[in-house]
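Let's take a walk through this model, starting at the ligand and ending in the core. Keep the 3D view open as you read.

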Amino acid sequence: MIELWTSPTPNGWKVSIMLEELIEAGTDVGEVEIRVIDLMKGEQFADDFVARNPNSKIPTLRDGERDIIESCAILQYLAEKYPSDLLPLDIGKWDVLPWVYWQAANVGPIFGNKLSYTRYMEDVAAEERRHPIERFNNEALRLVSVLDRKLGDNPWVCGDTFTIADIALYPWVRGWKWSKINITTWPRVMAWVERVRARPGVERGLGYGVPSDEIDQWSEERKAKTAKSGASIASNDNLKNSIQ
Ligand SMILES: N[C@@H](CCC(=O)N[C@@H](CS)C(=O)NCC(=O)O)C(=O)O
C-alpha cells in the first residue's frame, strides 16, 4: 500500500497529480492512504514525520517498507514503478529527466523564494524586501522565458507527450498570480498552463485537501490562512528552531 503524507501546496500537488494521471492512464496503483499534514501546526517536525523524512518537508511517500522523499524523486519512482507515457523507461528518459531536475533545482526554489518575500514576509520592512524581491522576480522571469523556448510550438514541455516534467513544473507556474510573477508576456506558457489544467487527472490531483470550488480561486479565508502558515514557515525564528 502507498501512503502519501502531503499538503495542498505546489510540491504536494505534484504527487497527487501524478497519482491521478496514472489512474487516468489506466494504472492500478492499489490502495493509497492520504494524510494531510498541517504545516502550520508543525506536524512536519513531529517524530513520526521525521522518521519518514528527515528533511521535514512534504511530500513524503511510503510504499511498503520504502520511504521516498523529495517530490521529483517521488515522480520518478512512481513513473518507473508504473510504466506509462509519463516517463519513457529507455534512453528517451533523458529527454524528460533533466527538465524534472531543472524544476527541482531552479523553478521550485526561485518561485518559492519570490512567493515568500512577496506574500509571507510582510513584517519585514519593505526596504529590506526590495532587493530579494527584484532578484527572485527577475530570475523567475528568466526561467519562464526558458520554459517558453523549451515549449516552442509543442503542447507539452518535452514535446508531443505529457510527462512528469509537466507535472513537476505546473504547480509552481500555475501560482503566478499568488507569487506575483507576471507570465503574461509569454502566451505559449499561459496556453500551456490552461492545457495542463484542463486534464481530468490534474483537476482531481489539485483537489487533494482543497474543496472543488476553491481549486482555482481560493476563498479570502483560505488566502489568509495560507499567508499565515507561509509567514510562520518562512520566519527566521522557525528556521532557527528547526536546526537540530
Ligand atoms: N525539495 C522539496 C521541497 C519540499 C517543500 O519545500 N515542501 C514545503 C511545502 S511546498 C514544506 O513542507 N514546507 C514546510 C517547512 O518548510 O517547514 C520537494 O520537492 O519535495
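What follows covers the ligand shell, the strands and the nonpolar core of this predicted model.

## Around the ligand

Start with the ligand, which has 15 residues around it; Thr9, Asn11, Lys57, Ile58 and Ser71 come nearest. Helices H1 (10–24), H3 (71–81) and H4 (97–120) are the elements that each give two or more residues to this shell.

## The strands

Now look at strand E3 (residues 60–63), which is joined to E1 (residues 2–6) by four bridges, with the two running antiparallel.

Thr60 sits opposite Ile69 of E4. These two strands make a hairpin with two residues between them, and Gly64 in the turn has a positive phi of about 65 degrees.

## The nonpolar core

The largest nonpolar core counts 54 residues, and Met18, Leu75, Val100, Ile164, Ala165 and Leu169 have the most contacts inside it. Two or more residues each come from E1, H1, H3, H4, H5 (126–151), H6 (164–173), H7 (187–197) and H8 (200–206). H4 gives the largest share, nine residues.

For a closer look, pick Ala165. Which residues does Ala165 contact, leaving aside its neighbours within four places in sequence? They are Val96, Trp99, Val100, Val157 and Cys158. In soluble globular proteins, nonpolar side chains do tend to be buried together.

Notes. Residues numbered from 1 in each chain as written. Predicted model: local features only at pLDDT ≥ 70, side-chain atom pairs only at ≥ 80, totals over all residues. Near = placed C-beta within 6 Å. Pairing = 2+ DSSP bridges. Core = buried A, V, L, I, M, F, W, Y, C linked by C-beta atoms within 7 Å. Buried ≥ 20, exposed ≤ 12 C-beta atoms within 10 Å, placed from the backbone. Contact = placed C-beta atoms within 7 Å.
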